[in-house]
Amino acid sequence: MKVNVLFTSIGRRVELIKSWKKAYADLGINGQIFGTDIDPLAAASNFVDSFHIVPASKHEDFIPSIQNICNENEINLVFPLNDNDLMPLSSGKSILEQNKRIVVISKMESVDITVDKWSTYNFFKNSGIKTPKTWIPNQNTKSDFPILIKPRYGSAGKNVFKINDQDELEFYMQRIKDPILQEFINGPEVTTDVICDFQGSILGIVNRERLEVRWGEVSKGKTIFDKNIMKNCGKIVENLDVVGPITIQCILEGNDAYFIEINARYGGGAPLGFAAGVKSPHWYLSIASGIELNLPPIGSYKQNLFLSRYDNSLFMDEEKIKSNSI
C-alpha cells in the first residue's frame with residue numbers, strides 16, 4: 001500500500017523529515033512526504049518530496065489550499081508541526097478527512113485547552129495534576145517575586161520573561177498581549193513525548209530533559225525516566241481527548257513535577273525520542289499501511305541518550321526560491 005504524508009509548517013524540521021524517510025525505507029513502504037509552509041526559504045523544503053507554499057493558517061484560504069494538496073496527491077495522513085495550525089486544522093478536520101484520510105489532530109475542545117495557557121492551567125488543576133500557581137493580572141496585582149510573565153496564547157517560548165520586581169512587571173505588562181503570570185519554579189524542565197494512535201490510545205512515552213534551549217526549541221537534551229511524570233502524562237491523556245503525538249512540559253523541583261504546557265503536535269526535540277526507541281514514524285506508517293505493530297513496553301527506551309544540535313547551511317539559487325514560491 002502507498003502511504004503519502006503531509007506535514008504543515010515544516011520550517012526547520014529537517015531531522016523529523018529525515019526520520020520519516022528512514023521509516024519508509026526500514027518498513028519497505030511506498031509513498032511520498034509532502035510539506036507546506038508560508039516561507040519559500042523553509043529549510044525542510046529541500047528534504048520533502050514535494051513542497052507547497054500555502055496561505056497563513058489564519059487566512060480563509062488555508063484549509064482550501066490544504067484540501068487541494070491532499071486531493072491532488074492522494075494524501076493519507078496530515079500532521080501539523082506548528083501551534084498556529086492546530087485550531088484551523090482541527091476546525092477543518094471533517095472537510096479534510098475524505099477517502100479515509102486521517103488528519104492527525106485532536107478535537108477542537110482539546111486543542112483549545114492546549115493553546116490557551118489559562119485553560120491549560122485550569123485543566124491541570126481540575127485533573128489533580130500539580131502545576132505552578134497561575135493567574136490573570138490586573139492593575140492592582142501584587143506578587144511574591146520572582147514570577148514568570150508569558151502570553152496567554154504564546155508559542156515556542158516567545159515573550160516569556162522572569163520578573164524580579166514590581167517595576168519589571170509593570171514594564172512587561174505593557175508590552176505583552178494577553179499576559180498571564182505564573183509562579184516561578186526553579187528546576188530542570190522535562191518535555192515528554194506522548195505518542196497516541198488515531199483513536200487516542202497511548203503507544204509510547206519518552207521523557208526528555210532540556211539541557212539547553214535555543215529559540216524555544218531544545219538544542220541539547222537527554223532522555224531520562226521519571227515514573228511520576230509518566231503516571232501524570234497518562235492521566236492527562238485520560239482526561240484530554242487527544243489524537244496522535246503530543247508533547248507535555250513540566251518542571252522538576254525535588255521529587256515533584258509541576259506541569260506547565262501541552263502541545264498537541266510533534267515537539268521540536270522529537271527526533272531524540274525516535275533515536276531512543278520510541279519510533280513513532282514507523283508506528284504511524286505501520287498503522288496506515290496495515291502492517292502489524294510490534295510495540296515495545298511503554299517506558300522501555302534508551303535512557304541517558306544525549307542530543308546535541310548544530311547549525312547547518314543550505315544554499316538555494318534564485319530559481320529554486322521562485323519554484324518554491326509558485
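Figure 1. Leaving aside neighbours within four places in sequence, V5 is in contact with W20, Y24, Q32, I33, F34, I75, L77, F79 and L285; contact here means heavy atoms within 4.5 Å. This is a predicted model, in which local features need pLDDT of at least 70 and side-chain atom pairs count only at pLDDT 80 or more, while totals for chains, interfaces and linings use all residues. Residues are numbered from 1 along each chain as its sequence is written, and side-chain values use heavy atoms, with hydrogens and water left out. V5 is one of the residues that touch the most other members of the largest nonpolar core, which has 78 residues; F7, W20, F79, F259 and Y266 complete that group. Helix α1 (residues 14–27) gives the most to this core, with six residues. A second, separate core of seven residues includes W135, I149, L169 and I176. A nonpolar core is a set of buried Ala, Val, Leu, Ile, Met, Phe, Trp, Tyr and Cys residues joined through side-chain atoms within 4.5 Å. Buried means under 20% relative accessible area, exposed means over 50%, and partly exposed is in between (1.4 Å probe, protein chains only).

**Figure 2. Helix α6 and its buried side.** Look along α6 (residues 117–126) and you will find K117, T120, Y121, F123 and F124 buried. These residues lie on the same side of α6 because they cover an arc of only 160 degrees around the axis, where the arc is that of the directions from the helix axis to the C-beta atoms. The buried residues of α6 pack against α5 (108–115), β6 (134–135), β7 (147–151), β9 (179–183), α8 (227–239) and β14 (256–263). At the start of α6, a side-chain oxygen of D116 comes to within 3.0 Å of the backbone nitrogen of W118. After α6 comes G128, with a positive phi near 75 degrees. Helices (H or I, at least four residues) and strands (E, at least two) are DSSP runs, numbered from the N terminus.

Figure 3. D193 and R208 form a salt bridge, with their closest N and O atoms 2.7 Å apart. D193 lies in strand β10 (residues 189–196) and R208 in strand β11 (residues 202–214), so the pair ties together parts that are 15 residues apart in sequence. Both partners are buried: D193 has a relative accessible area of 5%, and R208 has 3%. A salt bridge is a side-chain nitrogen of Lys or Arg within 4 Å of a carboxyl oxygen of Asp or Glu, and the structure holds 15 of them.

Figure 4. The side chains of K93 and E97 meet in a salt bridge (3.4 Å, N to O). K93 is buried, with a relative accessible area of 19%, whereas E97 is partly exposed at 31%. Another salt bridge links K220 and E212 (3.8 Å, N to O). Here K220 is partly exposed at 36% relative accessible area, and E212 is partly exposed at 37%. Salt bridges that share partners also join R12, E15, E217 and R309 into one network.

**Figure 5. D256 and its partner K130.** D256 lies in strand β14 and is partly exposed, with a relative accessible area of 28%. Apart from neighbours within four places in sequence, D256 is in contact with K130 and I251. The side chains of D256 and K130 make a polar contact at 2.9 Å. A polar contact is a pair of N or O atoms within 3.5 Å; within protein, one must be able to donate a hydrogen and the other to accept it, and residues adjacent in sequence count only if both atoms are side-chain atoms. For a sense of scale, the C-alpha atoms of D256 and Y24 are separated by 40 Å, and the two residues are 232 residues apart along the chain.

Figure 6. A cis peptide bond joins F145 and P146, with omega about 5 degrees; P146 is in the loop between β6 and β7. S9 is not a glycine, yet its phi is positive, about 55 degrees. You can find S9 in the loop between β1 (5–8) and α1. D178, also a residue other than glycine, has a positive phi near 50 degrees. D178 sits in the loop between α7 (166–173) and β9 and is partly exposed, with a relative accessible area of 40%.
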